[in-house]
Amino acid sequence: HACAGDGSVRRFEAVMAADVERRLRLEECLQRALATGTLSVHYQPVVAVPQREIRSLEALLRWQDPLLGTVSPAEFIPVAETSGLIDKLGTFVLREALCQAVRWNAGCAVPLSVNVNVSVTQFSSGTFPDVVRDALNRTGADPRWLTLEVTEAVAAQDLPSVTRQLHTLKALGVRIALDDFGTGYSSLAVLSQLPIDFLKLDRLFVQGVHLDARRQVLLRSVVQLGLELGFVVVAEGVELPEELSFVQACGCAHVQGFLLSRPQPPQQLNLNAPHP
Ligand code: C2E
Ligand code: CA
Ligand code: CA
Ligand code: CA
């Protein structure tokens with residue numbers, strides 16, 4: 001509690017107030033952004049190894065606001081989640097990404113899918129499968145071109161309801177990835193409960209793995225676990241050739257990271273480019 005002359009308490013309160021103000025401002029601008037088209041979607045290739053072929057592209061929201069400048073999704077997604085804007089934002093990304101998938105697959109022999117991130121709060125009303133079905137219908141996209149990325153945080157939500165919704169989506173032909181695996185607080189039990197196709201290992205497992213024997217044990221064990229449960233294991237955040245060799249040797253079938261490609265606007269992607 002504040003007492004007279006305690007500067008650190010007052011500084012703390014000032015920081016809190018600035019934080020609240022920033023959130024309110026973000027919320028206000030984000031609301032407007034949905035209407036004015038300052039939100040866009042960039043795509044980062046997910047590459048199969050050792051073939052070095054693009055299998056899918058992850059859709060990542062970008063926001064260039066006239067007042068706030070560039071705001072990172074790491075900052076505005078949490079604001080969207082607590083302010084109720086996430087449903088609109090999620091639907092926007094879903095439609096954008098599916099439109100791209102339709103374009104990519106029009107001239108492509110090998111099907112290319114798109115990965116769309118889903119916040120746990122998008123499952124709370126129980127109608128998320130309807131939102132997806134509607135977006136597929138509107139865009140004419142094949143459900144097999146869509147992979148939804150959910151995080152372990154779904155386990156803290158109403159797990160039976162989320163599981164039911166994921167099964168409904170799977171029945172449509174949509175695939176599911178468990179994102180950021182290993183960074184949450186959930187138990188390993190989610191791995192056997194959720195209908196997962198892909199297990200995405202967070203960058204924390206990958207970063208500097210070639211330099212540290214204990215990390216190597218961890219990575220190898222987690223990949224093995226994923227493979228034995230029948231998942232395709234994806235390594236995220238690969239930045240160095242040494243990291244790539246290591247995750248590949250461990251059994252990761254797909255890799256994603258700045259080494260292969262940064263997220264890019266759709267017009268700058270070269271889907272046929274050879275990858276390093
Ligand atoms: P994420 O789903 O784990 O996405 C991967 C993040 O890692 C992206 O950050 C990507 O740009 C970054 N990344 C990719 N390769 C590398 C690498 O080699 N090194 C490093 N250091 N980073 C790499 P980004 O685009 O800033 O997105 C941050 C987070 O925001 C995402 O993490 C995701 O949780 C959330 N997000 C982004 N777009 C959406 C969206 O449309 N919906 C929802 N619900 N969340 C989104
Ligand atoms: Ca993701
Ligand atoms: Ca991730
Ligand atoms: Ca992440």
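Colleague: How many salt bridges does the count come to?
Modeller: The count comes to 12 salt bridges. Please keep in mind that this is a predicted model.

Colleague: Let us take K200. Which residue forms a salt bridge with K200, the closest N and O atoms being 3.9 Å apart?
Modeller: That partner is E236. The pair links distant parts of the chain, with K200 in strand β7 and E236 in the loop between β8 (232-235) and α9 (241-250), 36 residues apart.

Colleague: Are K200 and E236 buried or exposed?
Modeller: Both residues are buried. For K200 the relative accessibility is 2%, so this residue counts as buried, the limit being under 20%.

Colleague: Which residues do salt bridges that share partners join into one network?
Modeller: The network consists of E58, E149, K200 and E236. The side chains of K200 and E149 are also joined by a polar contact of 2.6 Å.

Colleague: And what else is K200 in contact with, leaving aside neighbours within four places in sequence?
Modeller: The contacts of K200 include N115, A177, L178, D179, D180, F181, V234 and Q256. E58, E149 and E236 are among them as well. K200 itself has its place in strand β7, which covers residues 198-201.

Colleague: Turning to the metal, what are the protein donors of the calcium ion (ligand 2)?
Modeller: They are E58 through OE, N117 through OD1, E149 through OE and D179 through OD. These donors lie 2.1 to 2.3 Å from the calcium ion (ligand 2).

Colleague: How are the donor residues spaced in sequence?
Modeller: For the calcium ion (ligand 2) the spacing is E-x58-N-x31-E-x29-D. E149 lies in strand β5 (residues 146-151) and D179 in strand β6 (residues 175-181), so this pair ties together parts that are 30 residues apart in sequence.

Colleague: Are E149 and D179 buried or exposed?
Modeller: E149 has 1% relative accessibility and counts as buried. D179 counts as buried too, at 6%.

Colleague: Which residue coordinates both the calcium ion (ligand 2) and the calcium ion (ligand 3)?
Modeller: D179 coordinates both ions, which are 3.8 Å apart.

Colleague: Back to salt bridges, then. What does R55 pair with?
Modeller: R55 forms a salt bridge with E53, and their closest N and O atoms are 2.5 Å apart. R55 is partly exposed, with a relative accessible area of 26%. E53 is likewise partly exposed, at 39%.

Colleague: Where do D134 and R138 lie?
Modeller: Both are in helix α4 (residues 128-139), four residues apart, which is about one turn of the helix.

Colleague: One last topic, the surface. Which residues make the nonpolar surface patch?
Modeller: L188, L225 and L229 make a nonpolar surface patch of about 260 Å².

Colleague: Where is L188 found?
Modeller: L188 is in the loop between β6 and α6 (190-193).

Colleague: Why does L188 count as exposed?
Modeller: L188 counts as exposed because its relative accessibility is 55%, and the cut-off for exposed is over 50%.

Methods. Residues are numbered from 1 along each chain as its sequence is written. Chains are lettered from A and ligands numbered from 1 in the order in which they are written. This is a predicted model: local features need pLDDT of at least 70, side-chain atom pairs count only at pLDDT 80 or more; totals for chains, interfaces and linings use all residues. Side-chain values use heavy atoms; hydrogens and water are left out. Helices (H or I, at least four residues) and strands (E, at least two) are DSSP runs, numbered from the N terminus. Buried means under 20% relative accessible area, exposed over 50%, partly exposed in between (1.4 Å probe, protein chains only). A polar contact is a pair of N or O atoms within 3.5 Å; within protein, one must be able to donate a hydrogen and the other to accept it, and residues adjacent in sequence count only if both atoms are side-chain atoms. Contact means heavy atoms within 4.5 Å. Donors are N, O and S atoms within 2.8 Å of the metal (3.2 Å for Na, K and Ca); water is not among the atoms, so sites may look incomplete. A salt bridge is a side-chain nitrogen of Lys or Arg within 4 Å of a carboxyl oxygen of Asp or Glu. Patches are made of residues with over 30% relative accessible area and no salt bridge: like charges are joined within 9 Å, nonpolar side chains (Val, Leu, Ile, Met, Phe, Trp, Tyr) within 5 Å. Accessible areas come from the Shrake-Rupley method with a 1.4 Å probe; for residues, only the protein chains shown count as cover.
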